[in-house]
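Here is a short report on selected local features. Please read it alongside the structure.

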Amino acid sequence: MNLNILLLICGILLLFCVFANRISDRYGIPALLLFLGLGMLAGNDGVGQIQFYDAKLSNHIGTTALIFILFSGGLETRWPDVKPVWVRGTILSTIGVIITALTLFVCTHYILHMSLEVAILLSAIVSSTDAPAVFSLIRSQKYELKSDLKPILEFESGSNDPMAVLLSAGALSLLTSPSINLPGIALDLFLQIGLGTAFGLLLGRLAVYTLSKVRLNYMGLYPVFGVGLALLTFGLTQVFHGNGYLAVYICGIITGNAVFMYRRHLIRFHDSLSWIMQIGMFLILGLLVNPSELWSVFFIALGCSVFLIFVARPCAVFLCLYNSKYSFNEKLFISWAGLKGAVPIILATQPLMINFPNSQFLFNTIFFLVIISVLCQGQSLSFMAKHLRLYKR
């Protein structure tokens, strides 16, 4: 495609997405669903007829976008709010993800009769809540939630993607290389979480120290510093086999809660950058999907969604928050807020990249599952909070 035409299409799509947020606010349709829809409309099955089938490029774009979305989420997370809930949030983002995956596996393999390989991968890939989806919906609420609901939901969604990434990578490695042993995968899991936490803390504190000692000559350089910090944190952590997503989120929290010149300017820039990344990521993922193929997986995706929303996620939440300060209604709301979004779709591109058996079926099922989750949970989140009386008066 001619570069000028490509740039023209990108500009039109970006502007459409900007104004799509007006539709989202007015009619309560989650913005990410509109972005996905625009991508599908511009794709091979839509009016745009854009031919795009590159799963590897989609994965790389999604990974880059997630770096800045998680960094921005960390920058806007207030540590005084998170401090009282970080223990329970950590349990939810680790053990909770594992419980969700195991419970969903039982359903997909033994009840829906999926093959062992597909059931394992699907359960691991959709086991976490999605940070972009939760950040977007929680922060767009017109009323403030009671108690510590907002902090724990944001902390869980920002810190549980690494667990889903590790489970997915471990499952794919186990299925493609049967010689890999489970103790080795478990050790790698703890190593990645430990190194991710350590690098996030170290580089976050180093960044704060640098910004407190060195005054940059131009205000515009502070956002550039933030971009470089996010990329450095992710890349360096990954090079040492830690989890870059976790490191970036922790680094963002430390940086965003420090005091330095033009702090608000840096945070606002990364908020805008996060929106660009979300729009670009959802558009690309929408382009990768052929809507005509989705109907063949409708019933299987619906079955998985029902079990995930009404059984797997509640089991994880109620077990992880057992004997906590949260009331039954609050646990129910936390359970309902376990939205799926871009992360499962990005992780589903990994089997596509290596032509794993039934990878297209898996991708289509996960994509449809995400749409159902956003429509069902995202659309009714405000209603649930109001019905459960969880808004502050």
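## A loop residue with positive phi

N355 sits in the loop between α16 (342–353) and α17 (359–387). Helices are DSSP runs (H or I, at least four residues), numbered from the N terminus. Phi of N355 is near 55 degrees, a positive value in a residue other than glycine. Most residues other than glycine have a negative phi. N355 counts as exposed because its relative accessible area is 65%; the cut-offs are over 50% for exposed, under 20% for buried, and partly exposed in between (1.4 Å probe, protein chains only).

This is a predicted model, in which local features need pLDDT of at least 70, side-chain atom pairs count only at pLDDT 80 or more, and totals for chains, interfaces and linings use all residues. Residues are numbered from 1 along each chain as its sequence is written, and side-chain values use heavy atoms, with hydrogens and water left out.

## Around helix α10

H241 is in the loop between α10 and α11 (244–256). H241 is not a glycine, yet its phi is positive, about 65 degrees. Its relative accessibility is 55%, so H241 counts as exposed.

L221 belongs to helix α10 itself (residues 221–239). L221 counts as partly exposed because its relative accessibility is 38%. L221 and L266 are 45 residues apart along the chain, and their C-alpha atoms are separated by 9.1 Å.

## Position of F16

Where does F16 lie? F16 is placed in helix α1 (residues 3–27).

Definitions and conventions
Helices (H or I, at least four residues) and strands (E, at least two) are DSSP runs, numbered from the N terminus.
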